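User: Can you walk me through some of the labels in this model? I'd like to see each one set against its cut-off.

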Amino acid sequence: MRVWLDVEDLLQYGRSGVRPSGIQRLAFELYRALGEVDGNGQQIRFLRHDSTGQGFVTVPWSDLVRLFDRITATKPGVQDAAPTPTPVPARASLAWRVARGAASCLPVPVRQSLGRAVYLQRQAVRELSGAARGVLGALLRHRRRPDRGDEAGTMTGMKLEELARPGDVLAVMGSPWFCAGHDAMLRSAREDLGLRVVVMIYDIIPLRRPEWCDAVLAATFRRWFHAVVPLADVVFTISRASAEDIRAYAQGTGLKLAGPVVAVPIGTGFGAPPAVPATLDRSRLPEPGSYALFVSTIEARKNHALLFRVWRNLLESLPPGEVPTLVFAGRIGWMVADLLQQIRNSGHLDGKLLIIESPSDAELQALYEGCRFTLFPSLYEGWGLPVTESLAFGKPCLVAATTSLPEAGGKLARYFDPENVADATRMIRSAIIDKDGLRAWEAQVRQEFRPVPWTETAYAVLAAMALERAAA
């Protein structure tokens with residue numbers, strides 16, 4: 001049995017100029033682990049879409065490694081994103097004071113609308129700037145590679161139909177729902193080439209909770225899901241909670257599943273990372289031991305708003321010196337304009353809330369190592385990679401008791417109701433005040449946590465593929 005991995009979505013994501021999110025990181029680690037367990041180098045192969053967008057061609061693993069190294073790397077002294085907006089200093093410029101004074105004379109609804117307009121304009125400029133960088137990079141690559149400029153190299157790969165044998169597996173382990181015609185390509189591979197098709201579904205949040213998603217994304221994902229999942233001989237998921245979600249959704253909508261839904265163990269985030277580089281620029285990082293850490297894209301579903309309210313409560317009930325700084329580490333996402341405005345209006349909670357946008361891998365590692373504890377209040381997850389990352393670094397984690405997160409945190413995390421500010425405040429306050437208890441908890445995490453190697457994920461995936469093939 002040979003396994004052909006469709007990695008087109010990773011290649012397209014790499015051209016965007018945006019640092020990889022959880023799905024891209026997880027998919028890449030799985031690809032690497034599958035290659036590691038392929039002893040003779042003949043079982044695992046990689047594919048991208050051809051220039052017509054109607055077929056597959058081979059791509060070498062080395063090209064994927066170069067791509068991933070590029071999109072996760074940060075040059076010394078260069079940050080991945082613009083610095084986090086900070087409150088205007090007390091001695092603001094004359095122009096700013098005049099503008100602010102004029103705005104204060106306007107009715108409140110008008111001021112609020114103007115504030116939102118300014119914020120959205122800044123976000124639009126940032127997104128357009130990122131898009132321009134991506135287009136410029138693509139044009140430069142195209143000039144270097146006349147036949148087709150991209151991160152996977154030139155179109156010299158062999159066509160899948162020239163290499164595949166009936167019974168081989170075509171595996172989709174990333175996030176390809178934005179790739180045009182993807183379902184038709186899978187159907188052709190299944191019907192014309194006799195390949196088995198397997199897909200990995202990380203979560204079905206756009207189907208179950210579309211209120212937290214962009215409307216276009218939700219519609220695109222729904223169309224892809226309904227077209228592709230019925231073709232899949234095996235549907236993999238990254239948690240039992242996601243597996244139950246998929247089965248319940250299929251039953252509720254009448255969607256026919258061609259094969260089983262299989263939850264596989266997920267490798268542990270960073271695993272055993274190397275030492276933080278001595279050359280790391282720590283200018284935008286807080287002092288070690290002075291902060292609590294929340295690693296996530298800043299979006300509505302992740303529930304940053306809860307922690308903002310919790311920290312407001314803590315600052316009102318404890319001496320400010322006893323309250324650690326709350327650090328949000330991640331890129332700015334969607335549906336958080338109001339929250340970001342509240343943060344700015346509060347002076348970043350008088351300096352007790354710090355946003356570190358798009359941290360590099362080295363910065364993220366330093367943040368994990370230097371925090372007192374981590375937080376993950378997300379309302380809905382397919383797994384919860386930052387939870388297992390935190391535990392892998394030996395750091396206690398306070399987690400929302402929802403969806404897949406108890407699977408990720410197990411008995412070493414502590415849980416609260418993510419929709420109950422009082423419950424979250426009580427749990428977090430206890431972790432701050434009870435310093436001896438926190439040290440004992442951290443010692444327990446360091447002693448008892450057992451990271452899952454990515455090869456265990458790879459073996460589980462291959463075993464399920466082999467079992468399904470044998471049954472068929």
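Analyst: Let's start with Thr 403, which sits in the loop between strand S12 (397-400) and helix H16 (405-409). Helices (H or I, at least four residues) and strands (E, at least two) are DSSP runs, numbered from the N terminus. The model is a predicted one: local features need pLDDT of at least 70, side-chain atom pairs count only at pLDDT 80 or more, and totals for chains, interfaces and linings use all residues. Residues are numbered from 1 along each chain as its sequence is written, and side-chain values use heavy atoms, with hydrogens and water left out.

User: Why does Thr 403 count as partly exposed?

Analyst: Buried means under 20% relative accessible area, exposed means over 50%, and partly exposed is in between (1.4 Å probe, protein chains only). Thr 403 has 31% relative accessibility, so it counts as partly exposed. Its phi is near 40°, a positive value in a residue other than glycine.

User: And what makes Met 335 partly exposed?

Analyst: Met 335 comes in at 48% relative accessibility, so partly exposed is the label. Met 335 is in the loop between strand S9 (325-329) and H12, and it has a positive phi of about 60° although it is not a glycine.

User: Why is H11 called roughly parallel to H12?

Analyst: The axes of helix H11 (residues 304-317) and helix H12 (residues 337-345) come within 10 Å and cross at roughly 25°. Axes here are lines fitted to C-alpha atoms, for helices over the stretch in contact, and angles run from 0 to 180 degrees between N-to-C directions. Angles under 35 degrees count as roughly parallel, over 145 as roughly antiparallel, 65 to 115 as roughly perpendicular and the rest as oblique. So H11 is roughly parallel to H12.

User: Which residues make that contact?

Analyst: His 304, Ala 305 and Phe 308 of H11 meet Leu 339, Gln 342 and Ile 343 of H12, where contact means heavy atoms within 4.5 Å.
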